[in-house]
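Subject: Structure handover

Hello,

Here is the structure for you to take over. Please open it first, and then read the notes below.

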Amino acid sequence: SIPDEFSEIDVLVNNAGLALGMEPASKADLNDWDQMIDTHAKGTFLCCQAALAHMVPRGKGAIVNMSSDFAVMAVPDGAAYCAAKSAIYSMTKSLALEFAGNGITD
């Protein structure tokens, strides 16, 4: 949640990044997978959710979510990273459609 003193937030930029063991999916560590998804996808979502709670009532705001080329292209040994970046890509498109009518741009 965003404290009241920041309730007039105009712009949110999500640029979290984490690159854990690029390894074959058959040997991937589940903790690394969880940390990758939590950092990239869940972290981005939670920041968007908190900012939107303040942007929507004001009818304006902008959200910039950074992702990666790997959101739309494959890389060997990068299933977790690609999945996390793809989640940001798809989430951003969905949020843009959902909140465009509220004056929020993605």
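**Strands and sheet**

S2 and S3 run parallel and are joined by two bridges. Strands (E, at least two residues) and helices (H or I, at least four) are DSSP runs, numbered from the N terminus. Two strands pair if DSSP finds at least two bridges between them. This is a predicted model, in which local features need pLDDT of at least 70 and side-chain atom pairs count only at pLDDT 80 or more, while totals for chains, interfaces and linings use all residues. Residues are numbered from 1 along each chain as its sequence is written, and side-chain values use heavy atoms, with hydrogens and water left out.

The sheet is open and has three strands in the order S1-S2-S3, with parallel pairing. S1 and strand S3 (104–105) are the edge strands, each pairing on one side only. Opposite Thr105 in S3 stands Ala62.

**Surface patch**

Val11, Val13, Val64 and Met66 make up a nonpolar patch on the surface, and their accessible area together is about 310 Å². Accessible areas come from the Shrake-Rupley method with a 1.4 Å probe; for residues, only the protein chains shown count as cover. Patches are made of residues with over 30% relative accessible area and no salt bridge, with like charges joined within 9 Å and nonpolar side chains (Val, Leu, Ile, Met, Phe, Trp, Tyr) within 5 Å. A salt bridge is a side-chain nitrogen of Lys or Arg within 4 Å of a carboxyl oxygen of Asp or Glu.

Val13 belongs to strand S1 (residues 11–14). Val13 counts as partly exposed because its relative accessibility is 49%; buried means under 20%, exposed over 50%, and partly exposed in between.

**Helix H2**

Met91 is part of helix H2 (residues 79–99) and is buried, at a relative accessible area of 14%. Beyond its neighbours within four places in sequence, Met91 is in contact (heavy atoms within 4.5 Å) with Ala41, Thr44 and Phe45. From Met91 to Ala62 the separation is 29 residues in sequence and 15 Å in space, C-alpha to C-alpha.

**Aromatic pair**

There is one aromatic pair in the structure. Phe70 and Tyr81 form this edge-to-face pair, at 6.0 Å centre to centre and 75° between the planes. Phe70 lies in the loop between strand S2 (61–65) and H2, and Tyr81 in helix H2, so the pair ties together parts 11 residues apart in sequence. Rings of Phe, Tyr and Trp (its six-membered ring) pair if their centres lie within 6.5 Å; planes under 30 degrees apart count as stacked, over 60 as edge-to-face and the rest as tilted. Phe70 is partly exposed at 25% relative accessibility, whereas Tyr81 is buried at 17%.

Regards

Methods. Buried means under 20% relative accessible area, exposed over 50%, partly exposed in between (1.4 Å probe, protein chains only).
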